[in-house]
Amino acid sequence: MSKLSTKRLLGIKNITRDDIDLIFKTADNFKEVINRPIKKVPSLRDITIANIFFENSTRTKLSFELAEKRLSADVINFSAGSSSVKKGETLIDTVNNILAMKVDMVVMRHPNPGAHVFLSKHVNCAIVNAGDGAHEHPTQALLDAFSLRERLGDLTGKKILIVGDILHSRVALSNIFCLQKLGAEVRVCGPATLIPKHIESLGVKVMLNFKEALAWCDVANMLRIQLERQDIQYFPTLREYSMQYGLSNDLLDSIGKKDIIIMHPGPINRGVEITSDIADGEHSIILNQVENGVAVRMAVLYLLAGQTNTIS
Amino acid sequence: MESRLLLNHQALEHTLNRLAFELFEKHGDFQNTAIIALQPRGVLLGRRIVERIADLTGVKVPYGELDVTFYRDDFRRRDEPLVPAKTNLDFSVEGKRIILVDDVLYTGRTVRSGMDAMLDFGRPIQVELMALIDRRFSRELPVQPDYVGRMVDVVKHETVKVHWSEYNSDNKVTLYSFANNE
C-alpha cells in the first residue's frame with residue numbers, strides 16, 4: 001500500500017493502522033534525508049502550504065515550517081493575532097481567501113475542537129490538523145509513537161502511561177488512539193479532577209496513584225499542566241501537584257525502577273511535572289521526539305500531497 | 001503474455017564479468033572511484049559488480065545505494081505516491097569519480113532523478129552510467145550509458161525484467177510482451 005485512506009489528517013481516530021505504518025515507513029526515509037549534508041528534497045516544489053495558527057505555538061509551527069521547507073514547498077504563515085479575524089471574518093472566509101491565492105494545503109491550529117472537521121466540509125483542499133482545542137493533535141501522537149518505535153521496536157503489548165492534565169490535553173487523546181492502534185496498552189494518571197469523565201470507554205484504565213502507575217509502565221509520557229486552559233482551580237497549588245505527580249529521580253529510586261522511557265511533548269515546566277535530571281537523563285527521548293517531529297511531518301505532507309493527481 | 005529469454009544464467013555471468021573488466025580497464029586501481037546503485041532494482045546489479053571487482057582486483061570499491069523517489073518528476077502525476085526504498089550512502093561524493101548503476105535503462109527519467117539525488121551528497125568530478133540492459137530508441141531524456149550489458153530493441157508494450165535468484169544460481173533476463181489490451 002502506498003496511499004493513505006484519507007485526503008486530510010484531521011485526527012488519529014479516523015485513520016487506520018495501515019496509514020500509521022505507511023507514515024512511519026515514509027518518515028524513516030525522511031529521517032535519513034534530514035541527516036544528510038543537504039537536508040532537502042524537491043518533492044513538493046510545486047506546492048504552496050499555508051500554516052494557519054489561531055492559537056500560539058512555537059515547536060509545532062517551527063517543525064511544520066521546517067518540514068515544508070525541507071520538502072521544497074512554498075510556505076506562508078498566518079497568525080490570528082495579526083489578521084482580519086479580529087475584524088470579524090469567519091473561519092471559512094479566511095481559509096477561502098487564502099486558498100484563492102492558489103494555496104494547495106492548509107496546516108491549521110485552532111482553539112475550538114472540531115474546527116478542522118467543520119472546515120473540511122466547506123473547503124476542498126488537503127488539511128492537516130496541528131491541534132484543535134483539547135481534541136486531537138495527530139502529528140504529535142505520530143511522532144511520539146514513531147520515537148517509541150525507534151527505541152522499543154514493535155509496540156504491541158508495551159505499557160504506556162500518560163501523566164498529568166489529561167482533561168485539557170489534545171496530545172493525550174491522540175496518543176491514546178495512536179498507541180492503541182499500534183497494539184500498546186495505555187493508562188492515564190493524574191489528579192481525579194484532571195481526568196475526563198468516561199475516559200475508560202476508550203479502553204484506558206485510570207490510575208490515581210502515581211507510584212503504582214510508574215511501577216506498572218514501560219514508558220511515561222509526562223504532560224504539562226495547561227494553566228491557560230484551566231478556568232477553575234483543579235488542584236490546590238502547583239507545589240502540591242508536583243509533590244503528587246512530579247517525576248523525580250528520588251521517586252524512581254523508591255520504586256527501584258530506573259529504565260522507564262521518559263517522554264514529554266513540550267514545553268516543559270521543569271520542577272513541576274518533571275525534574276531536570278530526569279528530563280535530561282539517559283532514558284529521556286524528549287529531544288528525539290523533536291527531531292522525529294520534522295521527519296514525521298514531512299511524511300504526512302508528502303503522502304497527502306502525493307495522492308492527489310492534480311497536475312495532469 | 002508472451003516471454004522470451006534474452007540472457008540465460010551463463011550469458012549473464014559473462015556479461016557481469018565483462019562489465020567488471022570494463023570498469024577495471026577504465027578505473028585501474030579504483031583509487032578515487034565509487035559506485036552508487038539506484039534503488040530498488042539497480043542495487044541487485046550494483047552489489048554483484050562490487051563483488052566481482054573485489055574478486056578481480058582485491059579492491060573494495062566504496063559502494064552506496066541511493067533511492068530517487070523524492071526526486072522523481074512524476075510525483076502528483078500518478079494516482080499513488082511511490083513508496084521510497086532505503087538510501088544507504090555513507091560517504092561524500094565530493095571530488096570522486098562516480099559510476100551510477102541501474103538494471104534497465106528505459107526513458108532515462110530515473111537516471112535523471114538519480115543524478116539530482118546524488119548531487120545532494122556533494123559534487124563529483126565525473127559521473128558515468130552503467131546499465132545491464134539498454135532499451136535503446138525509447139529514451140525521453142538525453143541520457144546515454146557508458147557501460148552496457150546488452151542493448152535491446154523493445155517496443156512500448158514490452159517489458160524487460162532482470163531476475164536475480166537468491167543464490168546466484170539461475171539469474172536471467174527475460175522480455176515480456178503484452179497484447180495491447182493486457
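A crossing of two helices is called right-handed if the near helix is turned clockwise from the far one by less than a right angle, and left-handed if the turn is anticlockwise. In this predicted model, the crossing of helices α2 and α11 of chain A is right-handed.

**Domains of chain A**

- The domain assignment divides chain A into domain 1, made of residues 17-136 together with 290-306, and domain 2, made of residues 138-286.
- The C-alpha centres of domain 1 and domain 2 of chain A are 26 Å apart, and the contact of these domains involves 19 residues of domain 1 and 17 residues of domain 2.
- On the side of domain 1 that touches domain 2 of chain A, at least two residues come from each of α1 (17-33), β4 and α11 of chain A.
- The residues on that side of domain 1 of chain A comprise 8 nonpolar, 6 polar and 5 charged ones.

**The sheet of chain A**

- Chain A has an open sheet of 4 strands, which follow one another in the order β2-β1-β3-β4 and pair in parallel.
- At the edges of this sheet stand β2 (74-79) and β4 (126-132) of chain A, each of which pairs on one side only, and the twist from one strand to the next averages 15°.
- Strand β1 (residues 48-53) of chain A is joined to β2(A) in the parallel sense over 6 bridges, and within this part of the sheet A:F53 has A:S79 of β2(A) as its bridge partner.
- Helix α11 (residues 286-306) of chain A packs on the sheet, where it touches β3 (105-110) and β4 of chain A, and its direction makes about 150° with that of β4(A).

**Helices packed against α11 of chain A**

- Two packed helices are described by the angle between their axes and by the distance between the axes.
- Helix α2 (residues 59-70) of chain A and α11(A) have axes that come within 8 Å of each other and cross at roughly 55°; α2(A) is therefore oblique to α11(A).
- On the α2(A) side this contact is made by A:R59, A:S63, A:F64, A:L66, A:A67, A:E68 and A:R70, and on the α11(A) side by A:V290, A:G293, A:V294, A:R297, A:M298 and A:L301.
- Sorted by class, the contact of α2(A) with α11(A) has 7 nonpolar, 2 polar and 4 charged residues.
- Helix α1(A) also packs with α11(A), at an angle of about 120° and with the axes 8 Å apart, which makes α1(A) oblique to α11(A).
- The crossing of α1(A) and α11(A) is right-handed, and the residues that α1(A) brings to the contact are A:L22, A:I23, A:T26, A:A27, A:F30 and A:K31, while those of α11(A) include A:N292, A:A295, A:M298 and A:Y302.
- The contact of α1(A) with α11(A) consists of 11 nonpolar, 2 polar and 1 charged residues.

**The sheet and helices of chain B**

- In chain B, 5 strands form an open sheet with parallel pairing, in the order β3-β2-β4-β5-β6.
- The edge strands of this sheet are β3 (63-66) and β6 (147-153) of chain B, each pairing on one side only, and neighbouring strands are turned against each other by 25° on average, with direction ignored.
- Strand β2 (residues 33-38) of chain B pairs with β3(B) in the parallel sense over 4 bridges, and the bridge partner of B:L38 in β3(B) is B:L66.
- Helix α1(B) lies across β2, β4 (97-105), β5 (126-136) and β6 of chain B, and runs at about 135° to β6(B).
- Helix α1 (residues 9-27) of chain B packs with helix α2 (residues 42-57) of chain B at an angle of about 65°, their axes being 9 Å apart, and the crossing of α1(B) and α2(B) is right-handed.
- Among the residues that make this contact are B:L16, B:L19, B:L23 and B:F24 of α1(B), together with B:I49, B:I53 and B:L56 of α2(B), and by class the whole contact has 8 nonpolar, 2 polar and 2 charged residues.

**The contact of chain A and chain B**

- The contact takes 23 residues from chain A and 16 residues from chain B.
- The side of chain B that touches chain A has 8 nonpolar, 1 polar and 7 charged residues.

How values were computed: Residues are numbered from 1 along each chain as its sequence is written. Chains are lettered from A and ligands numbered from 1 in the order in which they are written. This is a predicted model: local features need pLDDT of at least 70, side-chain atom pairs count only at pLDDT 80 or more; totals for chains, interfaces and linings use all residues. Axes are lines fitted to C-alpha atoms, for helices over the stretch in contact, and angles run from 0 to 180 degrees between N-to-C directions. Two residues are in contact if their C-beta atoms, placed from the backbone, lie within 7 Å. Ala, Val, Leu, Ile, Met, Phe, Trp, Tyr, Cys and Pro count as nonpolar, Asp, Glu, Lys and Arg as charged, and the others, Gly among them, as polar. Two strands pair if DSSP finds at least two bridges between them. Angles under 35 degrees count as roughly parallel, over 145 as roughly antiparallel, 65 to 115 as roughly perpendicular and the rest as oblique. Domain bounds come from an automatic or database domain assignment.
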